[in-house]
Amino acid sequence: MKNLKLFLFATLAMFVAITGVNAADVAEITKDDVTTKYAKLEDALKTVTNTEADVTVKVLSDITGEQFTEAVTFAGKGTVTIDLDGHTVTYNSNDNKGTNVIVVNGGNLVLTGKEGSQLNYSGSNAAIKVLHKNSSLVVEKDVTVNATSATAILFASSALNNGPLSLDGSTLTIKGTVKASGPAIEAQNAKSSKNNGKITIEDGAILESTGAMAFWGNGAYVEFTAGAATIKGITGIGATTGKFTLNGTHVIGTGDPASYDWQTLNGPTYGPGPAIFLDPRSVQGDTATIPQIIANGGTLESENTYAMMITAENSYGLAEGSVIDGTEFISPKAGLKVHVINSGDKDAVLGTLEGLIANATFVNETGEISADLTFGNYSNQSNSVVKGATLAQRLVNGSDVTEDEEGNIVVVKPAEPEKDPEAGEPSQTPDNTTVDNTTTDETQTPNTVDSIPTYLAAGAVSIIGIALLGFSIKKRMED
């Protein structure tokens, strides 16, 4: 036993000597062929916050419970890559405000790693902050950013040197997974449509919140573009402003609208539960910041309420050019709810919603679309100016809009021609010809009769083949 212990100790010492790995080392940086190792990830990151050259910080092992003593802010022109290398890093902030976190302010940060790489944050603020102008964050495919008790990524601006609130030139690209108990991504304080940031959610990416909106556009005009990704939250996407382009995106809302404060619209960040909730507002009088949505295909799904809700305020509907084309609405209630509060110009609101929905499919109990347009505050919703089929017809094109006996607005997508299952083309039955193949104006021989000569020919060929095979075998045996 003693010899075995000595052998194991010697083997470990040899491994450390060869590899240079200290049991306490959790990260390393290689620069100019020189590798420096660090016992704390925070210490490694601090050495490259203002780098002018591209550099990689590689994580060597799982890290649990590291507390950052101050914010680590990347502001250099070079790109800093944190290679998680398949490990899980869990960190926190040791201040009660949760401000000692990873910050990108004018710099460039990439999170990469092998499958299973995770960055977990358990503090009270945001795991990563992307701030102000010309900042960049990329979360690569196999990486998960997870905030267990807060927002995962905050994309925001604040006044710098009394200048404008701006995210101009800043980008956020998600190729992997971002999860949070709060918003997966929250955008704040980008006050101008001309100085906006850009958020891209690529094909296969996942945004998910277990307790809030997956994306919350909180007064920030950003250009939000998503591909064939999954966005799921108490409300999937919620915003007061911004430009949203969805290409084959699956957006899911899981919440209960009964938990939302409809009287003030100042409810928690979880929203009322649809896949998309838009509360259009201008930002500081700039009407160009009114939300625009362009959806091509994809699915808007709600588990408990409307698939999409638009709460128009102060005569603002949606920005010109908004269209939802070929999208599937899945919900227990009607697919779309439009509600207008406060006084305003009815025609102006209707104009912004004209032809919003094209070629949609509504999957719900009645196949209906809610089309109430109400002016006045929430305590007096009886002041309906336009409701029912009138508004539904304005909203929907490419489908028939009807009203059933109970007054429900039913949207019926135009029937497609029947297709021949074999040819894959629309079937075209000649006039005066029935489809049961038994009675026609032309004389037809049943299929079974047509096939008899074919069967006889095939049988004859088989018999000849067998005879030739037998003759060949017999000849070989005689030889």
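This is a predicted model: local features need pLDDT of at least 70, side-chain atom pairs count only at pLDDT 80 or more; totals for chains, interfaces and linings use all residues.

Visitor: How many helices and strands does the protein chain have?

Guide: There are six helices and 39 strands in the protein chain. Both are DSSP runs numbered from the N terminus, helices being H or I with at least four residues and strands being E with at least two.

Visitor: What share of the residues counts as buried?

Guide: Of 479 residues in the protein chain, 45% are buried. The term buried stands for under 20% relative accessible area, exposed for over 50%, and partly exposed for the range in between, with a 1.4 Å probe and protein chains only.

Visitor: What is the order of the strands in the open sheet of 11 strands?

Guide: The order is β4-β7-β10-β13-β16-β19-β22-β25-β28-β31-β34, and the pairing is parallel. The edge strands are β4 (63-68) and β34 (361-363), each of which pairs on one side only. From one strand to the next, the twist averages 10 degrees. Axes here are lines fitted to C-alpha atoms, for helices over the stretch in contact, and angles run from 0 to 180 degrees between N-to-C directions.

Visitor: Which residues stand opposite L300?

Guide: V251 stands opposite L300 in β28, and in β31 the bridge partner of L300 is F329. Four bridges join β25 (residues 250-253) to β28 (residues 299-302), while three join β28 to β31 (residues 328-330).

Visitor: Why is the pair of F215 and F244 called edge-to-face?

Guide: Rings of Phe, Tyr and Trp (its six-membered ring) pair if their centres lie within 6.5 Å; planes under 30 degrees apart count as stacked, over 60 as edge-to-face and the rest as tilted. The ring centres of F215 and F244 are 6.0 Å apart and the planes stand at 70 degrees, so the pair is edge-to-face. F215 lies in strand β20 (residues 213-218) and F244 in strand β24 (residues 243-247), 29 residues apart, and the pair links distant parts of the chain. Both F215 and F244 are buried.

Visitor: Why is the pair of F215 and F224 called tilted?

Guide: The centres of F215 and F224 are 4.7 Å apart with 45 degrees between the planes, so the pair belongs neither to the stacked nor to the edge-to-face class and is tilted. A search of the whole structure finds five aromatic pairs, and ring pairs also link F68, Y91 and Y121 into a cluster.

Visitor: How do you know that E28 forms a salt bridge with K37?

Guide: A salt bridge requires a side-chain nitrogen of Lys or Arg within 4 Å of a carboxyl oxygen of Asp or Glu. The closest N and O atoms of E28 and K37 are 2.6 Å apart, so the pair qualifies. E28 is buried at a relative accessible area of 15%, whereas K37 is partly exposed at 26%. The count by this rule is six salt bridges.

Visitor: Which residues does N108 touch?

Guide: Contact means heavy atoms within 4.5 Å. Not counting residues up to four places away in sequence, N108 touches G76, K77, G78, T79, V80 and S136. N108 lies in strand β9 (residues 108-112).

Methods: Residues are numbered from 1 along each chain as its sequence is written. Side-chain values use heavy atoms; hydrogens and water are left out. Two strands pair if DSSP finds at least two bridges between them.
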